[in-house]
Amino acid sequence: MTTNKTKQLLVIGNGMVGQHFIEQYLTLQQNSSDWQLTVFAGEDRPAYDRVHLSDYFSDGDADKLQLVADSYYPDNKVQLKLNEPVLAIDRDSKTVSTAKASYPYDKLVLATGSYPFVPPIPGNDQPHCLVYRTIADLEAISASSDGARVGVVIGGGLLGLEAANALKLQGLEAHVVEFAPQLMPVQLDKDGGELLRSKIEQLGVSVHTDKATSSITAGSEQRLQLNFADGSVLQTDLIVFSAGIRPQDALGKDAGLEFGARGGIVINNQCQTSDSNIYAIGECALYQGQLFGLVAPGYQMARTAAAVLNGDDSHSFTGADMSTKLKLLGVDVGSIGDAHGRTPGSISLRYRNDLLGEYRKLVLSPDGKQLLGAVLVGDNSYYDTLLQYALNGIALPADPQSLILPQSSDKPLLGPAALPATATLCSCHNVSKGAICAALDNGVQDLAGIKSCTKAATGCGGCAALLKSVVEHELSARGVAISTDLCEHFSYSRQQLYHLVRVDGIKTFNELISRHGRGHGCEICKPAVASILASCWNEPVLAKPHVALQDTNDTFLANMQKNGTYSVVPRIPGGEITPAMLISIGKVAEQYQLYTKITGGQRIDLFGATLDQLPLIWQQLIDAGFETGHAYGKSLRTVKSCVGSTWCRYGVQDSVSMAILLENRYKGVRAPHKIKMAVSGCTRECAEAQSKDVGVIATENGWNLYVCGNGGMKPRHADLFATDLTNAQLLSYIDRLLMFYIKTADRLQRTATWMNNLEGGLDYLRDVIIYDSLGLGAELEAQMQLLIENYQCEWRTALNDPQQRARFNSYVNAAAPARSEFGFVSERGQLIPVRQVNSKETTL
């Protein structure tokens, strides 16, 4: 009688690529009883998502990054050896050794990844000299940040900028030191690197390029001092090395496997090493002289090795697309194909607008008919279309410049319908449009189902927007209703999420996504949930649980202007201001050389402040009696008023007092979109109340209330809602109206659009607000009262918190904030941004 001995498949490495191999192998496995799969992990935790590693600093919850549940391994009969690194491979005996035991193998897969390169700088081994690679590294950075003020990242590549973001999330002044002349030299060209530097510096990260660090010594003011080859120094409390990675190839090298001159275990197109029983995948593998440091190529290798080990030799790895779409510190960056134009005879087209902070470059074939590469900084909305042109060899339009020119009426639209079935939508998991259509034909009915069965957009996530558009287009073509889910992370609309937050008393994004969502969130759901939380509980937006959710303007409590400076907008309720306060604004504007403008909302805006100056300016304004005007928030902006019966001979009510009452009552209330109000003292309507979200016009008997008007691109006259109201009635109706709007409106929906979308429109709204048809009146008023009672001036709160205030510091050892990088010229006695024309080099 013959017995079949179980064969041993060992995987060394349990990172993202190693885990993907396990999943692919088990999916394809034909004879499960023939093989035992054993995985060795060097860390004490199972595989986790390194792409979203910095999310750890938002909540400190490492478990959220874990790729699969702990039960995954026993459920699939996989032996997982945590915290048991392999020390040696004996190819003759076909065994691997750890500190605990020796294990035989029939087939071996090396997924050992890479390790951070630490430049050989004298002093690099001191305390508070760290790396950024694992959760343990992040825990070390967090511990080192306690009591620290300044952090430096050595390395200005992709991981270096991610590490700089991590330092900012810790509340540190962040610096990036790069040896090369520009940031991200691998992905970006010179112009793209320059613009990225400018935008990142505007966000409060100091960038030092062309800097060679000669030594690290003790600092006199901070813990450490970087000494540069040019004689300059930089003091810091901690240093994070992120100067690139090196393949973790020592096991293969010691085992006698063929490896490259600069490292990496050589593989063929089936991911086999020079030993046919040993495979290598991911960052440790070298294919045709190239190492691949992105997750997508690693996943392609994992799929190939899994298929070959399951007897399918038709799969092969022939290289991988290294295109990337990123958001670094809130800045869009995209790099596609031959971004540097190294192809002989290639043609480059460039569009650059420094005022808007946008740069786009196309690299074309010599005949101008094929897209070889592209660079994007500042706006990634062009990325998906350009990537499809490049990946699928789609012929370019006759005027390819139209693909990157802004607001081009004849811009070619490469929508979902134009993509061929062979078009690769997800590079990480190699998912084509045809695979998406096949899944839909087989009964999948929504985006979540597509992601579950194809894994599309579950890797780096860069294809999420394109995938959504393709799925929605194909579902619509099949007559299926389109989902109203907020995004891929929540199977709920904004209104449904609002109710979940209210009913469950949820106070943080992490609690909401853990209970009702999935994944880590994105740029759609994070600010939307931040707004919902503020609308429910009115906690300070810069409080630690909330600050990482905010967009750029809310993050720094100021509107960023087109030249990278910020505006300062103090609240002036009803437009009423004392001479002393008027003088104090003038002194601040004069001291900081700010452009000063009286706005249509009857307040004074100050333009041209740098990030460093914001706390200094606001400290003076708050000391003078001002509060934040929330010009940066989706909240009440202003309540405009005429002088009313106090001064005007036509006025019939005190419009100024009512405007001040309304502004002080609703200031800081966060909503799906901005809210504007006005109060006119008579029907002559000097305050233009009928063009506002909430308009109040005085009558002999009280007040008329108008609702849901707006100016803008699609102006709408407000509708008369109720007449001759007392003060108490007016406040009650506005309380109810605003809270009902907050409760039921969609994300970024103005009140006019919201009302038009309500079934029954204005009449329905009257029934709910005036006649309380839903029985919500008292509840809505109580919820508004909670927001009123919880109001804080966000700038006063930030200034009184040293950690929040430190976020605005960009420069160390500087006598005063620097403005030299921002261009200004004098016009009509004030400084305004330099007017620049779009630069054009072969050029657009």
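Student: How do helix H21 and helix H23 lie against each other?

Tutor: In this predicted model, the axes of H21 (residues 727-744) and H23 (residues 761-769) come within 10 Å and cross at roughly 120°. The crossing of H21 past H23 is right-handed.

Student: What makes this a contact, and which residues meet?

Tutor: A contact needs heavy atoms within 4.5 Å. From H21, Tyr-733, Arg-736, Leu-737 and Phe-740 meet Tyr-764, Leu-765, Val-768 and Ile-769 of H23. These residues divide into seven nonpolar, no polar and one charged.

Student: Why are H18 and H19 called roughly antiparallel?

Tutor: Let's set the value against the cut-off. H18 (residues 579-592) packs on H19 (residues 613-623) at an angle of about 155°, with the axes 10 Å apart. Angles over 145 degrees count as roughly antiparallel, so H18 is roughly antiparallel to H19.

Student: Which residues meet where H18 packs on H19?

Tutor: On the H18 side they are Ile-585, Val-588, Gln-591 and Tyr-592, and on the H19 side Gln-613, Leu-616, Ile-617, Gln-620 and Leu-621. This contact divides into six nonpolar, three polar and no charged residues. H18, too, passes H19 in a right-handed crossing.

Student: How do you know that strand S14 is largely enclosed?

Tutor: Buried means under 20% relative accessible area. Five of the five residues of S14 (residues 224-228) are buried, so the strand is largely enclosed by the rest of the structure. Leu-224, Leu-226 and Phe-228 point one way, while Gln-225 and Asn-227 point the other way, and all are buried. As a general point, side chains in a regular strand alternate between the two faces of the sheet.

Student: What makes S14 a paired strand, and which strands does S14 pair with?

Tutor: Pairing takes at least two bridges. S14 has five bridges with strand S13 (residues 213-218), in the antiparallel sense, and four with strand S15 (residues 233-236), also antiparallel. Both counts reach the cut-off, so both are pairs. Ala-218 stands opposite Leu-224, and Gln-225 stands opposite Gln-235.

Student: How are these strands connected?

Tutor: A hairpin leads from S13 to S14 through five residues. S14 and S15 form a hairpin as well, with four residues between them, and Gly-231 in that turn has a positive phi of about 95°.

Student: Why is Asn-553 called partly exposed?

Tutor: The relative accessible area of Asn-553 is 22%. Partly exposed covers values between the buried limit of 20% and the exposed limit of 50%, so Asn-553 is partly exposed. Asn-553 lies in helix H17 (residues 552-555). Leaving aside residues up to four places away in sequence, Asn-553 touches Ala-558, Asn-559, Met-560 and Tyr-632. Asn-553 and Tyr-632 are 79 residues apart in sequence, yet 5.4 Å apart in space, C-alpha to C-alpha.

Student: What makes S33 and S37 edge strands?

Tutor: The open sheet has five strands in the order S33-S34-S35-S36-S37, with mixed pairing. S33 (636-641) and S37 (719-725) each have a single partner strand, so one side of each is left without a neighbour in the sheet. Neighbouring strands are turned by 15° against each other on average, direction ignored.

Note on methods. Residues are numbered from 1 along each chain as its sequence is written. This is a predicted model: local features need pLDDT of at least 70, side-chain atom pairs count only at pLDDT 80 or more; totals for chains, interfaces and linings use all residues. Side-chain values use heavy atoms; hydrogens and water are left out. Axes are lines fitted to C-alpha atoms, for helices over the stretch in contact, and angles run from 0 to 180 degrees between N-to-C directions. Helices (H or I, at least four residues) and strands (E, at least two) are DSSP runs, numbered from the N terminus. Angles under 35 degrees count as roughly parallel, over 145 as roughly antiparallel, 65 to 115 as roughly perpendicular and the rest as oblique. A crossing is left-handed if the near helix is turned anticlockwise from the far one by less than a right angle, and right-handed if clockwise. Ala, Val, Leu, Ile, Met, Phe, Trp, Tyr, Cys and Pro count as nonpolar, Asp, Glu, Lys and Arg as charged, and the others, Gly among them, as polar. Buried means under 20% relative accessible area, exposed over 50%, partly exposed in between (1.4 Å probe, protein chains only).
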